[in-house]
Every structure is written in C-alpha cells, then in structure tokens.
Amino acid sequence: MDKPVILITGALTGIGRAAAVAFAKKGAKVVVAGRRDEAGKALVEELRSFGSEAEFINADVREEDDVRALVDGTVARFGRLDVAVNNAGTEGQVSPITDQSAETYAATFDTNVLGVILSMKHEVRVMQGQGSGSIINISSTYGHEGAAGASVYVGSKHAVEGITKSVALEVAKSGIRVNGVAPGPTDTGMLTRFAGTPENKAGLVAEVPLGRLGLSEELANAIVFIASDEASFITGHILNVDGGHTAN
C-alpha cells in the first residue's frame, strides 16, 4: 500500500512524536492522538509540512468511549487502519513498594495496561474486518527486567509484553501482526522524570554498552521497520532497541 494509514497514541512528545514524524516523512497518512489540543494541532501542521495527510484526535486511552471514537474517527477520515502504535504511557510514581498505594497503581496501570488493552480491542476489531494490519505496543527493557524502586512501572510493562504476545497468537490467522518495541534508556522527558536526579540519569547511561542514551528518532526507525511489510514474518516479538543493555 503506497500510503498506509497510521494511528499513534501518546503522539505529542518523545518517541510517539518521533514516530509520527518518521511515518509522515515516508508519505503515510497519520492520525496522532493525545490530550492537549494545541500541541496536537501544532504537530499536525508539522506533519503536513512533510506532505503527509495528518489529523489530530483528542483521546484519553483510559476511557473506552474515547478509544472507540479515536479508532472509528481514523477509519471515517481515511477509510482504513493499517498500523497502530500504542505508545501512550506514564512512569507513574517511581518509589519503593512501601510508598505505593491503590491510587498510584491505578494511575500507572490504567494508562500503561488498560490503555493498551482498550486500544488493541478496537484496533483489532477494525483490522479483522480488513484482513490485515500491524500493531506495535511500546514496552521497555523493564518489560522483561526488574528495577528496584520502580515495581509498579515495571509490572505494567511486563503486562504489556505478555498481552502483546497473547494477542499476537489470537489474531495471527486474521492477517494481523502484533509486536512490541522495548526502548532502553532514551533521551525523553519521561526518562528525566523517571531518573529523578542527574546522578540517577548518569547511572542509567552507564548501564548501556554503547555508552549513551538512545534517541527518539532511533526508536522511531525501529517502529517504522517492524510496522512495515519488510517485517511481514515477525509477530509476537519484542524488539529491544537499547544499545545492548539487555545483552549484559
């Protein structure tokens, strides 16, 4: 397909934004979703400057009505949905388990896990009707490792990886591929908040064999690849983009 239709949640900053730009530069039709209208409209103008047909839809992935409207709005605008990048996420409260609560758990899992479940529910609904589609869920190296002081966030990303593999098996015969991309330490605002201090951030860098943070653009390139027909025999896979971190 010459101009695939791409939907990206959490698209206004960081990796999601970089992915939107990368797809737009390749001529795709891009729908970006988030909760800030002004930022969304500004991003759409930038994507259109690359020649892409682009739209912004305000949506909160924690709310099923919003997710349903987002997916249906994408199809209403462009006629189909070829690629969905479920990127919306939060680091939540990074602190010891003794400081966590039902509220901090919900604040993290509602976005990182429920948001992915609701998004895939409606993306799969549309893609099954088409007989094709590619879904990419954004995980983390913490989706298959532990991290002291970040148990709730780590748990949410472990859940994302398990859900990704399970849905990949459910829909494999429907022509839909489902994969995950797991960033290592990447130079985004979320990483800065997650680290908390410059010293902690330097410690994260020190754990990367390539000796630096990843760039959002590097993650975007991996997302574009695994979404594409060049990755047509890949499903149920978690692609680590982490500078060798998980090889330690």
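**View 1. Residue classes lining the largest pocket.** By class, this lining holds 16 nonpolar, 18 polar and seven charged residues. Nonpolar covers Ala, Val, Leu, Ile, Met, Phe, Trp, Tyr, Cys and Pro; charged covers Asp, Glu, Lys and Arg; the others, Gly among them, are polar. The model is predicted: local features need pLDDT of at least 70, side-chain atom pairs count only at pLDDT 80 or more, and totals for chains, interfaces and linings use all residues. Residues are numbered from 1 along each chain as its sequence is written, and side-chain values use heavy atoms, without hydrogens and water.

View 2. A pocket is an open set of points on a 1 Å grid over the protein atoms alone, where a 1.4 Å probe fits, with protein on both sides within 12 Å along at least five of seven lines; lining residues have an atom within 4 Å of a point. The space here is about 930 Å³, counted as that filled by probe spheres set on the points, which are joined across faces, edges and corners. Of 41 lining residues, Asn 87, Gly 89, Thr 90, Met 190 and Arg 193 lie nearest the centre.

**View 3. Elements around the largest pocket.** α1 (14-25), β2 (29-34), α5 (151-171) and α6 (189-195) each supply at least two lining residues. Helices (H or I, at least four residues) and strands (E, at least two) are DSSP runs, numbered from the N terminus. The largest share, five residues, comes from α6.

**View 4. The second largest pocket.** Its volume is about 520 Å³. Among its 21 lining residues, Pro 4, Val 83, Ala 227, Ser 228 and Asp 229 are the closest to its centre.
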